Amino acid sequence: MEMNQLITGAFRAAETIEYASDSIVSRQLLQNKSGNITLFAFDKEQRLSEHTAPFHAVCQICDGEAEIRIGDETHRLACGQMTIKPAHVPHAVYAPVPVKMFLTMIKD
């Protein structure tokens, strides 16, 4: 399957991306003017350092666990859990174990 090919119908999203040793891999599932949906696979102990984004974002775990810091609060999310990251609020992601997660950005 081509990486930029739009996937339609029923599928297991977590199976469309593989873990890579000591890396973070991403696959954009959908992008348009309203926002995008990206699937990430973090190997154990990988992280995204603190940053901000100009849009609200929904982060949903589909395999493993992650620690997601939003502002001064850290949330430990497991498979099936999600959190909303408000626009312009500093946030970071840490994977204590391998984790796959969706990031859905909603543009104003």
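Leaving aside neighbours within four places in sequence, which residues is Met101 in contact with? In this predicted model, Met101 is in contact with Thr38, Leu39, Phe40, Phe42, Cys59, Gln60, Ile61, Cys62 and Val93. Met101 also belongs to the largest nonpolar core, which has 16 residues. Within this core, Phe42, Ile61, Ile68, Val99 and Met101 touch the most other members. Two or more core residues come from each of strand S2 (35-42), strand S4 (56-63), S5 and strand S9 (99-106). The largest share, 4 residues, is given by S9. In soluble globular proteins, nonpolar side chains tend to be buried together.

The sheet is considered next. Four strands form an open sheet in the order S3-S8-S5-S6, with antiparallel pairing. Strand S3 (47-51) and strand S6 (73-78) stand at the edges. Each has a single partner strand, so one side of each is left without a neighbour in the sheet. From one strand to the next, the twist averages 15°. S8 pairs with S3 over 3 bridges, in the antiparallel sense. S8 also pairs with strand S5 (residues 65-70), again in the antiparallel sense, over 4 bridges.

His91 lies in strand S8 (residues 91-94). His91 is the bridge partner of His51. His91 is also the bridge partner of Ile70. Is His91 buried or exposed? Its relative accessible area is 4%, under the 20% cut-off, so His91 counts as buried. The side chain of His91 reaches the backbone oxygen of Val89 at 3.0 Å. Beyond its neighbours within four places in sequence, His91 is in contact with Ser49, Glu50, His51, Thr52, Ala53, Arg69, Ile70 and Lys85.

The rest of S8 is covered as well. In a regular strand the side chains alternate between the two faces of the sheet. In S8, His91 and Val93 are on one side, while Ala92 and Tyr94 are on the other. All of these residues are buried, and both faces of S8 are covered.

Charged pairs were then examined. Side chains of opposite charge can pair when their charged atoms come close. How many salt bridges does a search of the whole structure find? The search finds 4 salt bridges. One of them joins Glu50 and Arg69, with the closest N and O atoms 2.6 Å apart. This pair links distant parts of the chain, since Glu50 is in strand S3 and Arg69 is in strand S5, 19 residues apart. Glu50 is partly exposed, at 45% relative accessibility. Arg69 is partly exposed too, with a relative accessible area of 29%.

A salt bridge also joins the side chains of Arg76 and Glu65 (2.8 Å, N to O). Arg76 lies in strand S6 and Glu65 in strand S5, so this pair ties together parts 11 residues apart in sequence. Arg76 is partly exposed, at 46% relative accessibility. Glu65 is partly exposed, with a relative accessible area of 29%. Glu65, Glu67 and Arg76 are linked in a network of salt bridges. Elsewhere, the side chains of Arg12 and Glu15 meet in a salt bridge (4.0 Å, N to O). Both Arg12 and Glu15 are exposed.

Key. Residues numbered from 1 in each chain as written. Predicted model: local features only at pLDDT ≥ 70, side-chain atom pairs only at ≥ 80, totals over all residues. Heavy atoms only, no water. Buried < 20%, exposed > 50% of the residue type's maximum accessible area, 1.4 Å probe, protein only. Polar contact = N/O pair within 3.5 Å; in protein donor to acceptor, adjacent residues only side chain to side chain. Contact = heavy atoms within 4.5 Å. Pairing = 2+ DSSP bridges. Axes fitted to C-alpha atoms, helices over the stretch in contact; angles between N-to-C directions. Core = buried A, V, L, I, M, F, W, Y, C linked by side-chain atoms within 4.5 Å.
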